[in-house]
Amino acid sequence: MDYLYDLNTFLPATIMAAAGLVAILMAAYKARIGNIFNFTIVALVMALAVSIRDLFGPDGTAFFDMIAYGGTAAFGAFLVTLGTLFCVVISRDYLEAIDHHYREVYAMILFGSTGMVGLAVSNDLIMLFLGVETMSICLYVLAGLIKGEKIGAESALKYVLLGAFSTGFLLYGIALIYGATGATSYAVVAGAAEATPLFLAGTALLLVGFFFKISAVPFHMWTPDVYQGTPTTLTAYFATASKAASFIALVLVLSRMIPEIEGVELTQLLQVIAILTMIVGNLIALVQDNVKRMLAYSSIAHAGYILVGLAAGTPEGYTGVLYYLFAYTIMNIGAFGVIAYYERNHALDFTDVHNYAGLGYKFPVMGVLLSVFLFSLIGIPPFVGFLGKYYVFAAAVNAGLVTLAVIGVLASAASVFYYLRVMVYLYFREPHKEYQLVRPGALFKYSLILLGILTLWYGIEPIFPTDSLIELISTYY
Amino acid sequence: MDLSTALVCLIIGLPLAGFFINGVLGLISSSYRENKPLIGTIANVAVFAPFLIALYLFFNHSADASAVVVTLFTWIDVGTLTVDIAYRIDQLSLLMVLVVTGVGAFIHLYSIGYMGHDPGYWKFFAYLNLFIFAMLNLVMGNNLLLLFLGWEGVGLCSYLLIGFWYKDMAKSDAAKKAFIYNRVGDFAFLIGMFMVFQTVGSLDFDVILGNLEAFSSEYLFWIGLLFFIGATGKSAQIPLFVWLPDAMAGPTSVSALIHAATMVTSGIYLITRLSEMYVLSPEVMLIVSVIGGLTAIVAATIALTQNDIKRVLAYSTVSQLGYMFLALGAGGFTAAMFHVVTHAFFKACLFLGSGSVIHTMEHVGEKLKKEGKEVDFDPQDIRFMGGLRKSMPSTYKTFLIATIAIAGIPPLAGFFSKDEILMHAFSAGLGEYAGSLYMILWGVGIATAFLTAFYMFRLTFSTFHGKFKLPEKVKEASGAESHLHESPVSMTLPLWVLAVASVIGGFMGIPNFVVETFTGQTANINLLHPWLDTIAADYPIVMGKAVEWLLMGLAVAIAAGAVWIAWKMYGEGRVEESDAVVTAKTGVFYKVWQEKYNFDEFYEALVVRPVVRFSDRVLAVFDMKVVDGFVNAVGGTVRLFGSLIRYVQSGVISSYALYLVIGVILVMAMMLS
């Protein structure tokens, strides 16, 4: 019966894994692709419902301390499931339109998300590695989805090679930590570790593995190429769900494994990486004309802001990180979603910002939504992105990292330029030629509108005298 | 939730809900926009229902009951500043709520017909509901900040509705003008609010009025003056009144609701609300009175020379508002509120009547165009009207009733309220402080009363009497009179309701001495004074009964005389001939009046042009060279770095791996150091 109890704590991933198996069988038997899609949606909605239940549940560990449940871990599972669901919802019409709508896609997404949940709830370095690999292999496949074209092949190959390279470091780091402490479970490692060079080297390599996955500078080089070559809705999946999982896992490692150990000081390192990431991400985003590439660099910059919260290293900082990840998930999927909608039109190349001229007036809903998501990404109130930034920067200031927070604020001020640039094209430039846009499908349109409403709602939610999301998260620490 | 909380929520919430329903559905659904009956019904229910609730509250609130404060939630809680979203039900706010929702409701009803063919129907009603919501916040707010929220809200709605036909540049300019002039007043209001907060640490009316001894006399003077400056903006007094005539660019029902009956009286409401504070500073009281009296006569003389039916009414509104401020400054707060109420009735009636006339004149223009006759005329110009009483009997009768009311002929509403104002001015003239000045102001009031009666009857006679002049003046328009028609019932019904109110509305404030003289015993028939007793800090009237009768008789004689002269001159509808006579008689004065005392030109020369020139020659240059230069330099530098760093991103995978290794070394070095 213990296993059943354990399984219950791991239910979102279990549902997705089982659904993935069914989906791949459906694909093998040539089921209609629409049915696979519908089945996936149903499975993900169930998983999401379970993960929301878990947000309010007790916390602890299961499967012989391999995984954690409740608290941060439950929030990780929730974020992954939420992001996956929205990415799947917006994928159908888009993949259809670009002629790369394959049956296996949904199974790969489900397996990938299983891995992400595993990563996000890991309480043991072995589980961490399993999660990373399950996730990554699926992502490699998805990165190469645009078959027969150079851009898809390039994207997938770069991702595999560099991913394998970085996984090597990750695994090496785990091996060194095991060598130093004789354990892989976070709690045991924390109890057994001393700040020996062996352990420190292991921790450094482990962090390198994470930095690669969250595309922190200078481990970010793969990101723009892969994001550009991947179908846009799946780019959204890469940029949100997989990043959220990696960040949550990092939060768990930093908050459960490291702090007990004397003489291991990570603040300095995290600060340097955060500053590098924010500056480089924003600077290069400034000069991009390709919207997907711009968003790729912007996602690097956002990883930098989140690292600010991690560098603070306080419960407040971790709370801010979790909230930021939530904000980032909804607003970024929204932004990618609108771009995916534009891309469905073959009239122009809608990854080039110059072709966004006057676009805001065609299907005003979409123009407004994109503006909302971009404003939120900039961090302008009353949108959720503002609160995310506020919480991480405030945590940094309270932890005494004022310089870091100032650099973060300046960097995000610079980001205004490239986000607003898109809006300038949307509304203040004349289109070069006449063309018609296809109508967005109802499901697609309403899910984006829902994301827009969430972006606004969570931006103003704390003013209401109800229990707010941030209060819920802060109970985890 | 107790009953009064629920009712207050409904009163406030229904107009807001109406705004959201019509606004949001209209915005997203084109089929909803076409569903005009539904839109009109929702908007009307959203105002009629609060009116009924307000009536219920009114009848369940006795004159001596203390204020009921309904606190919904805390709005702002920063430092020592705590502001609640709290609404106040007391005698004054109930009176205003009744006027706002009552007159507002019938104007909503009228708008169904008046705006029936406008493509922006949904938007119009959404704005109108939003206005009612904001106005209710203004009159029901329990603290200055909530009042200010409403104050700004009505300003916004006024802006939106004046510029409702925003594709016409002149109209959209008029909207901007109204907004900007109001901002000047709002600025003073804000400073006044800061000073209040600085002194008592709260913005609640109860706290302010309960701690008046905490204010020094300089503060009382400045706060009173600053709030009054705010009021001169919103209530169109000298020197900020020039926006109101231009505001007539909006739809006529808007002019009736916002620019005659409700919003423009909010300055009078504000001062009455703070009357206990105002009476402590006689200097401010005098300033209020002087400005009010000046505005009254200046606007009345301008009204004499105007030919646009709505503009005459606009100047008349400014003049009547001046009257109200004259009363406030003379310590007649109740009298001013009384005039607010009666004025809301007859002026709304007049505006709606003018709307009905304009509606018909526009209809004539359209018909002529359909017949292929190119006729170019201004449908608001009384020189093209005349003789409309035959084809528009309801409009004519109601317009005439409202005109008699505003002229101050007993026993219609305007007579009583105007008489009480003059009585207060005279009484203040007998007082010790600046008595002679108040006496002059009383004289100004009498003169204004004469002018009011005269120009209002000039307007009525020119519009409705004599012969229809359009076919006479424009040859192509022959046969135009056959296109004249009465407006639909949805428009004439509100006219009749308001006309009836203009007839009987005055009896709520019938002076006690009138009854006392006839019955020979002390009477207590005046309803308004006991009702506002706890709030309005009126100066007592110190005069014998004989003097009061004398003054009343004088006022009636003056008004009747003016009507008689107007009848002699304009009774046959000969507007231009008689205007020529007036011009000849008044000479250079007429010129000044016609030029509107050159207020606009004065502002243009003193403020607008210097500011524009300064912006153009100094600020624009500074902005382009210094600010933009700096920004561009920063942006350019950053972009330069960006384009340099992007070369690192070569696309070559082995170089990526190299950077990765560099990163590993960096991390290792930092960890192990």
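**Charge, fold and backbone exceptions in a predicted model**

Chain A carries 21 positive and 28 negative side chains, and the centres of these two sets are 14 Å apart; Lys and Arg count as positive and Asp and Glu as negative, with His and the chain ends not counted, and each charge is placed at NZ of Lys, CZ of Arg, CG of Asp or CD of Glu. The model is predicted, with pLDDT of at least 70 needed for local features and 80 or more for side-chain atom pairs, while totals for chains, interfaces and linings use all residues. Residues are numbered from 1 along each chain as its sequence is written, chains are lettered from A and ligands numbered from 1 in the order in which they are written, and side-chain values use heavy atoms, with hydrogens and water left out.

The secondary structure of chain A consists of 19 helices and two strands, where helices (H or I, at least four residues) and strands (E, at least two) are DSSP runs numbered from the N terminus. Its radius of gyration, taken over C-alpha atoms, is 21 Å, close to the 23 Å of the globule rule (2.2 Å times the number of residues to the power 0.38) for 477 residues, so chain A is as compact as a globular protein of that length. Along the principal axes, the C-alpha atoms of chain A fill a box of roughly 70 × 55 × 50 Å.

Of the 477 residues in chain A, 65% are buried, meaning under 20% relative accessible area, whereas exposed means over 50% and partly exposed lies in between (1.4 Å probe, protein chains only). Among the contacts in chain A with a separation of 6 or more, 81% link residues 24 or more positions apart, a contact being heavy atoms within 4.5 Å.

Turning to the backbone, most residues other than glycine have a negative phi, and most peptide bonds are trans. Phe64(A), although not a glycine, has a positive phi of about 55°; this residue is in the loop between strand 1 (60-62) and strand 2 (67-69) of chain A, and is exposed at a relative accessible area of 70%. Asp99(A), also not a glycine, has a positive phi of about 65° and sits in the loop between helix 4 (71-97) and helix 5 (104-120) of chain A, where Asp99(A) is exposed at 63% relative accessibility.

The peptide bond between Val217(A) and Pro218(A) is cis, with omega about 5°, and Pro218(A) belongs to the loop between helix 9 (197-213) and helix 10 (222-229) of chain A. In chain B, a cis bond with omega near 10° runs from Ile238(B) to Pro239(B), and Pro239(B) lies in the loop between helix 9 (217-234) and helix 10 (243-246) of that chain.
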